[in-house]
Amino acid sequence: MNNRHPRIVIIGAGVAGIATAYTLQQSGFTDFTILEKGGDVGGVWHWNRYPGLTCDVPSHIYQFAFAPKADWSRIWASGNEIAQYHREVVTQFGLDQHLQLNTEVIALRYHQDEHTWTVSTAAGDTLTADFVICATGVLHHPFTPDIPGMDTFGGTIVHTARWDPELVTAGRRIAVIGTGSTGVQVVSALQPRARKLLHFTRSPQWMLWAPMRLPQFGAVTALLRGLPTLHRAVSKRLPLWGSSLLVDIVTKPSWRRRLVQEYARLSLRVQVRDPQLRAKLTPDYQPLCKRQVLSGSYYRAITAPNAQLVTAGITEFTPTGIRTADGMLHEIDIAVLATGFAAHNYMRPMSVVGRDGITLDDAWVKGPRAYRMTAIPGFPNLFTVLGPNSPTGSISLQYTAELTARYIVKWLKRFERGEIDEVEVTEEATDEFNAQVAEAMEPTVWNTGCNSWYFSEDGTIDLWPFDIATLDRMLDEPDPVHYRVS
Ligand code: NAP
């Protein structure tokens, strides 16, 4: 039997790309290249550098099981520390030799006769691959609203995901637009030194109070360093334990869900005593419906004398500020867009042309759709890691990325052994999976009447509504009935 080495291209060096590269390396593959459009690894942790950036998932849960870090400086680590962690992991495992930074992929084209992909970069280079693995992430295309008059504004407009480190914010009049996890963090960070901080919110968010700046005690670091076996075991179990708690709360109604929701209401009641302000800060949907925000400082920041909550809709930018629907002109120096991401682009705007000339834009005209997060009908020998329906709202992304990569490896091994040249998921299997998703989505908290970036173009919720056991089962062994191979 032939033993050949598949040429593999991984697109993206964020959480998904690093987990995939590590898994391929561990599985004995040598001919793989990671193409990353950024100047360093880390994905969102490379691109996002705004003041106050913190991961609201505890660090011992938000790390790779294969690279546990003992000495996180805080329970909820800063963006900088997480970016550095990703860099260290890549160095530690020698993945740099496979990495091409500052390399943006603009097109993928499948050649049916040769069963290969041509990968084209913005610099005009091309690579030939037997398999392409898209690890392009979810939250990486900043969404900039089209507000009239933006081009006439005389001050600075900056999106949080493209922060300018030279921007001076102290002593300035700052508007922050948007109140997701990002808006809340950036308001808390900028308010203390701003001359004035205006927070423009279109729909309020529930916020769970948490001591986000809590340090990791030295004794914990010493214990984890001194007992590496225990540390590894804890690092494997903790993300799964945390995930199963969250899955239980968000996917089915129960007293546990109600308890967390009550805690969100209490967090608001206790911290904001002014009934008028509290009314403005009270959402008209259930806590946990949108991506839940955690903060230990926002309510304090917004009630500070130099801060103001603006709930009237934005009508336009003027040369000196922002006008709202009540006719008020709010004069500002800096507008911070914490307006989120085009969350369902995945590998787009890349041009992806699969079998028989089918394009990804056509295949996804009604929104992103894949089989078990990883395979797309019409696109043979192409997989996604943390693709559509990934569990961004419930299960550890590091765990899911590694599991998906190991699933893909099973196909790569069959190619290596010469058993297959081409593998493509069927339409039927993809339809069946999506029908299961739709049914399981019914009792989830995401489906209780709010609007969020979880919803894709066709109104479906782009999340994983199942538990970890289902995730494990679905990504255990590829089901040959669900694929067409040649
Ligand atoms: P987001 O949750 O999508 O929030 C965007 C905000 O911008 C919303 O409040 C939205 O209002 C508002 N907005 C959008 N267009 C607007 C317009 N034209 N006028 C006024 N307001 C407008 O984005 P995000 O805060 O960047 O967070 C995205 C995700 O990134 C999070 O949910 C989370 O998964 C992740 N994240 C995680 C962390 C972390 O600590 N782990 C930190 C930051 C981000 P509406 O709600 O009314 O649409």
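# Reading the ligand shell, loops and salt bridges

Q: Which helix gives the largest share of the shell around the ligand?
A: Helix α4 (residues 181-190) does, with three residues. Helices here are DSSP runs of H or I with at least four residues, strands are E runs of at least two, and both are numbered from the N terminus. Please keep in mind that this is a predicted model: local features need pLDDT of at least 70 and side-chain atom pairs count only at pLDDT 80 or more, while totals for chains, interfaces and linings use all residues. Residues are numbered from 1 along each chain as its sequence is written, and side-chain values use heavy atoms, with hydrogens and water left out.

Q: How many residues surround the ligand, and which are the closest?
A: A residue belongs to the surroundings when one of its heavy atoms lies within 4 Å of the molecule. Here 23 residues do so, and the closest are T54, T182, S203, K290 and W453.

Q: How do the residues of the shell divide by type?
A: Ala, Val, Leu, Ile, Met, Phe, Trp, Tyr, Cys and Pro count as nonpolar, Asp, Glu, Lys and Arg as charged, and the others, Gly among them, as polar. The shell around the ligand holds nine nonpolar, 10 polar and four charged residues.

Q: Is H60 buried or exposed?
A: Buried means under 20% relative accessible area, exposed over 50%, and partly exposed in between (1.4 Å probe, protein chains only). H60 has 15% relative accessibility, so it counts as buried. H60 sits in the loop between α2 (44-47) and α3 (79-92), and its side chain makes a polar contact of 2.7 Å with that of Q216.

Q: What should I look for in the backbone of the loop between β17 and β18?
A: Most residues other than glycine have a negative phi, and most peptide bonds are trans. Y346, in this loop, has a positive phi of about 50° although it is not a glycine. Y346 is buried, because its relative accessibility is 4%. P349 also lies between β17 (334-337) and β18 (351-353), and the peptide bond from R348 to P349 is cis, with omega near 15°.

Q: Where is L386, and what is its phi?
A: L386 is placed in the loop between β19 (382-384) and α11 (397-416). Its phi is near 60°, a positive value in a residue other than glycine. With 9% relative accessibility, L386 counts as buried.

Q: How many salt bridges are there?
A: Side chains of opposite charge can pair when their charged atoms come close. The rule asks for a side-chain nitrogen of Lys or Arg within 4 Å of a carboxyl oxygen of Asp or Glu, and the count comes to 24 salt bridges.

Q: Which parts of the chain does the pair of R87 and D40 tie together?
A: The closest N and O atoms of R87 and D40 are 3.0 Å apart. R87 lies in helix α3 and D40 in the loop between β2 (32-35) and α2, so the pair ties together parts 47 residues apart in sequence.

Q: What does the pair of R291 and D56 link?
A: Their side chains form a salt bridge (3.0 Å, N to O). This pair links distant parts of the chain, 235 residues apart: R291 is in the loop between α8 (275-281) and β12 (293-294), and D56 is in the loop between α2 and α3. R291 is partly exposed at 26% relative accessible area, whereas D56 is buried at 11%.

Q: Which residues are linked in a network of salt bridges?
A: The network links R355, D356, E422, E424 and R484.

Conventions
Polar contact = N/O pair within 3.5 Å; in protein donor to acceptor, adjacent residues only side chain to side chain.
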